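Hello,

Here is the structure I said I would pass on. My notes on what was found follow below it.

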Amino acid sequence: MEMKIRNATLEDAVELTRVESINFPAIEAAKIDTMKCRLNYYPNHFFVMENSQGGIVGFINGMVTNMKDLMDGMYTNAAMHDEKGEWQMIFGLSILPGYRGNGYSKRLFNSMIEAAKQEHRKGVVLTCKEELVAYYEKLGFKDEGKSNSKHGGVEQWHQMRLTF
């Protein structure tokens with residue numbers, strides 16, 4: 001199936017929030033106000049994948065900062081974004097269940113990574129749960145161990161870094 005990747009717009013907020021709510025527990029998923037705020041502050045760091053009918057099937061997003069580590073406050077405070085920052089943070093990757101297993105996550109990651117390289121960032125940082133560490137390692141990320149994050153009440157986040 002032909003898929004297109006583009007930057008998200010504010011008009012996508014409702015659908016992106018719906019996709020996020022399918023893929024993350026309610027306590028971890030971004031709500032509509034947070035999604036709109038992110039889209040206002042850093043739409044060029046928010047990639048959407050669409051099917052041939054224009055339906056959103058997945059997305060990846062995150063802010064840019066000079067802070068080396070991903071901090072919990074970044075998820076809800078889009079004003080922490082610094083377009084001149086050294087590190088591209090990734091807050092979430094969401095693919096609708098019916099589209100998983102087709103390499104779409106990797107395509108979205110590659111879009112974010114290529115943009116960060118073109119913008120001369122030092123690299124990309126994300127946090128993930130234990131069961132996803134091996135997946136991100138296959139994409140070139142290094143596990144830096146347990147993060148200080150308590151996002152969504154979870155105490156088992158790993159910080160992963162891809163340095164260019």
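The largest pocket has a volume of about 740 Å³. A pocket here is an open set of points on a 1 Å grid over the protein atoms alone, where a 1.4 Å probe fits, with protein on both sides within 12 Å along at least five of seven lines; lining residues have an atom within 4 Å of a point. Grid points are joined across faces, edges and corners, and the volume is the space filled by probe spheres set on them.

This is a predicted model, in which local features need pLDDT of at least 70 and side-chain atom pairs count only at pLDDT 80 or more, while totals for chains, interfaces and linings use all residues. Residues are numbered from 1 along each chain as its sequence is written, and side-chain values use heavy atoms, with hydrogens and water left out.

The pocket's lining comprises 36 residues, and those nearest its centre are Phe24, Gly92, Leu93, Leu132 and Tyr136. Strand 6 gives the most to this lining, with 4 residues. (Helices are DSSP runs of H or I of at least four residues, strands runs of E of at least two, numbered from the N terminus.)

Next, the cores. The largest nonpolar core has 24 residues, of which Ile60, Phe109, Leu126, Tyr136 and Phe141 touch the most other members. Such a core is a set of buried Ala, Val, Leu, Ile, Met, Phe, Trp, Tyr and Cys residues joined through side-chain atoms within 4.5 Å; buried means under 20% relative accessible area, exposed over 50%, and partly exposed in between, with a 1.4 Å probe and protein chains only. Helix 4 (104–118) is among the elements that give two or more residues to this core, and with 7 residues helix 4 gives the most. Leaving aside neighbours within four places in sequence, Phe141 is in contact (heavy atoms within 4.5 Å) with residues including Phe109, Leu126 and Tyr136. A second, separate core of 12 residues includes Leu16, Leu39, Val48 and Ile56.

Helix 2 has Thr34, Met35, Arg38 and Leu39 as its buried residues. They cover an arc of only 135° around the axis, so they lie on the same side of helix 2; the arc is that of the directions from the helix axis to the C-beta atoms. Asp33 and Asn40, on the other side, are exposed. Helix 1, strand 2, strand 3 and helix 3 are among what covers the buried residues.

Finally, His81 sits in the loop between helix 3 and strand 5 (87–90). His81 counts as buried because its relative accessibility is 14%.

Regards
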